[in-house]
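The sequence and the structure come next.

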Amino acid sequence: MTTPSRRILFVDDEGIQRDTIKKMLIMLGYDVQLAKDANEALEISRKEKFSLIITDLMMPEIGGAQLCQQIREINETAVIYAFSGYLSELDSDQLKDVGFDGHLCKPVKIEVLKHAIEGAFEKNVQRQGRAADTP
C-alpha cells in the first residue's frame, strides 16, 4: 500500500466535473486519482492511501455520506470533504456527524479549492502524528 503524502482522490459520477477538478488539481501541483463512483473509490482506497478524499454527495447506488463512513474504516487519517451543489440543504453538523471534515460547493473556485486542500493536508499530518503516538 502506498503512503498518502499529498495525494488526492476525487470522486464524482459526472465526467465533466471529474475532468474540471482534475485540471485544477494538476494546475495546483497535486497528484490526483479519479473515481467515477463510490464502488471504484472504495476499490482504489483499499489499494492506495490518500491524504484527502473529495466526494460528491449525490451519486447512484452509494452516496457520498455512505462512502465517507466506509472510507473511515479503511483510512482513518484521511481528510474527507463533501462536494455538492446542494450543500445549502445540508447542515454542516450533519456532515460532521457522518464523518466529513468539511465541504466544498459546486462550482468551486480554484482559490477556494487551494485553501481547502492546504488545510486538509495540515489536518492529515496532525492525524498521522496522533495515530503514530497511539500504541
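The sulfur of Cys 105 has its closest cysteine sulfur in Cys 68, at 16 Å, which is too far for a bond. The model is a predicted one, and it holds zero disulfides. It does hold nine salt bridges.

**Cysteines**

- A disulfide needs two cysteine sulfur atoms within 2.5 Å, and the sulfur of Cys 68 is 16 Å from that of Cys 105, its closest cysteine sulfur, so a bond is ruled out by distance.
- Cys 68 is buried, because its relative accessibility is 0%.
- Cys 105 has a relative accessible area of 43% and therefore counts as partly exposed.

**Salt bridges of Arg 7**

- Arg 7 and Asp 31 meet through their side chains in a salt bridge, with 2.9 Å from N to O.
- Arg 7, at 11% relative accessibility, counts as buried.
- Arg 7 also forms a salt bridge with Glu 48, where the closest N and O atoms are 2.7 Å apart.
- This second pair links distant parts of the chain, since Arg 7 is in strand β1 while Glu 48 is in the loop between α2 (38-47) and β3 (52-56), 41 residues apart.

**Salt bridge of Asp 101 and Arg 127**

- Asp 101 and Arg 127 form a salt bridge in which the closest N and O atoms are 2.2 Å apart.
- Asp 101 is placed in the loop between α4 (92-98) and β5 (102-105), and Arg 127 in helix α5 (residues 110-133), so the pair connects parts that are 26 residues apart in sequence.
- Both partners count as buried: Asp 101 has a relative accessibility of 15%, and Arg 127 has one of 17%.

**Packing of α2 and α3**

- Two packed helices are described by the distance between their axes and by the angle between those axes.
- The axes of α2 and helix α3 (residues 64-74) come within 10 Å of each other and cross at roughly 10°.
- Angles under 35 degrees count as roughly parallel, and α2 and α3 are therefore roughly parallel to each other.
- On the α2 side, the contact is made by Ala 38, Ala 41, Leu 42, Ser 45 and Arg 46.
- On the α3 side, these residues meet Leu 67, Gln 70, Ile 71 and Ile 74.
- By class, the residues of the contact between α2 and α3 are six nonpolar, two polar and one charged.

**Phe 50**

- Phe 50 is located in the loop between α2 and β3, and Glu 48 is in that loop as well.
- The relative accessible area of Phe 50 is 1%, so Phe 50 is buried.
- Phe 50 and Asn 39 are 11 residues apart along the chain, and their C-alpha atoms are separated by 16 Å.

Notes:
Residues numbered from 1 in each chain as written. Predicted model: local features only at pLDDT ≥ 70, side-chain atom pairs only at ≥ 80, totals over all residues. Heavy atoms only, no water. Salt bridge = Lys/Arg side-chain N within 4 Å of Asp/Glu carboxyl O. Buried < 20%, exposed > 50% of the residue type's maximum accessible area, 1.4 Å probe, protein only. Helix = DSSP H or I, 4+ residues; strand = E, 2+ residues; numbered from the N terminus. Axes fitted to C-alpha atoms, helices over the stretch in contact; angles between N-to-C directions. Parallel < 35°, antiparallel > 145°, perpendicular 65-115°, else oblique. Contact = heavy atoms within 4.5 Å. Nonpolar A, V, L, I, M, F, W, Y, C, P; charged D, E, K, R; others polar.
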